[in-house]
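Hi,

Here is the structure I promised to pass on to you. Open it up next to this email and follow along as you read.

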Amino acid sequence: MKDKKFISYLFEVAWILPSVAIPVSMLVAILITAFAIGVRVPTTAGRVSVSAVAAGADSIFSQTGLREIAPGRYEAIITAQTFMFTPSKIEVPAGSRVTFILTSKDVIHGFKINGTPINVMVIPGQVSRVTATFDKPGEYLAVCHEYCGAGHHVMYGTIIVN
Ligand SMILES: [Cu+2]
């Protein structure tokens with residue numbers, strides 16, 4: 001009789017432990033990615049009017065392109081639309097830290113630069129902001145990674161690091 005009770009107690013513990021351990025380990029994983037690795041979900045880095053951006057009337061996105069904000073620090077203002085990035089080519093010196101500020105003029109696009117941690121969604125009405133340092137010279141391919149229509153596979157940009 002006593003053995004039966006002990007066995008059922010073991011079964012209880014066998015269920016309770018993982019049901020506590022799994023959510024706790026998930027919480028730890030979230031805390032590590034957020035604070036130690038620095039992974040961020042897109043936040044309200046800003047909102048824009050899609051029609052204003054498309055008409056070129058929005059203040060940030062009416063002047064797309066690269067601008068130097070400090071020595072070795074750049075800001076790249078980029079718009080995405082089917083099926084191109086504007087501008088599609090950016091050139092920076094090696095060691096530059098570039099903040100990409102993006103939005104979409106039409107549908108949801110993606111912006112992923114191969115060989116860097118940059119990988120963001122580009123959502124109409126929302127500003128995506130992401131920063132990376134380009135230490136190694138070379139040509140980096142930036143691709144749209146959200147299926148956006150028939151020409152999605154030809155939607156890309158280039159970042160040239162000299
Ligand atoms: Cu696409």
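Five strands make up an open sheet, in the order E4-E10-E9-E6-E7, and their pairing is mixed. (Strands here are DSSP runs of E with at least two residues, helices are runs of H or I with at least four residues, and both are numbered from the N terminus; two strands pair if DSSP finds at least two bridges between them.) At the edges sit strand E4 (89–92) and strand E7 (119–122), each pairing on one side only. From one strand to the next, the twist averages 20°, with axes fitted as lines to C-alpha atoms (for helices, over the stretch in contact) and angles running from 0 to 180 degrees between N-to-C directions.

Before you go on, keep in mind that this is a predicted model: local features need pLDDT of at least 70, side-chain atom pairs count only at pLDDT 80 or more, and totals for chains, interfaces and linings use all residues. Residues are numbered from 1 along each chain as its sequence is written.

Now zoom in on E9 (residues 138–143) and E10 (residues 156–161), which pair in the antiparallel sense over six bridges. Ala142 stands opposite Gly157 in E10. As background, strands of a sheet pair through backbone hydrogen bonds, either parallel or antiparallel.

Next, have a look at two peptide bonds. Most peptide bonds are trans. The one joining Thr82 and Phe83 is cis, with omega about -5°, and Phe83 is in the loop between strand E2 (73–81) and strand E3 (84–86). Another cis bond runs from Thr86 to Pro87, with omega near -5°; Pro87 is in the loop between E3 and E4.

What about the whole thing? The protein has two helices and 10 strands, and from the N terminus the elements run α-α-β-β-β-β-β-β-β-β-β-β. Its radius of gyration is 23 Å, well over the 15 Å that the globule rule gives for 162 residues, so the protein is more spread out than a compact globule. (That radius is taken over C-alpha atoms, and the rule is 2.2 Å times the number of residues to the power 0.38.) The C-alpha atoms fill a box of roughly 80 × 35 × 30 Å along the principal axes.

Finally, the protein is divided into domain 1 (1–39) and domain 2 (50–161), with bounds that come from an automatic or database domain assignment. The centres of the two domains, taken over C-alpha atoms, are 42 Å apart.

Cheers
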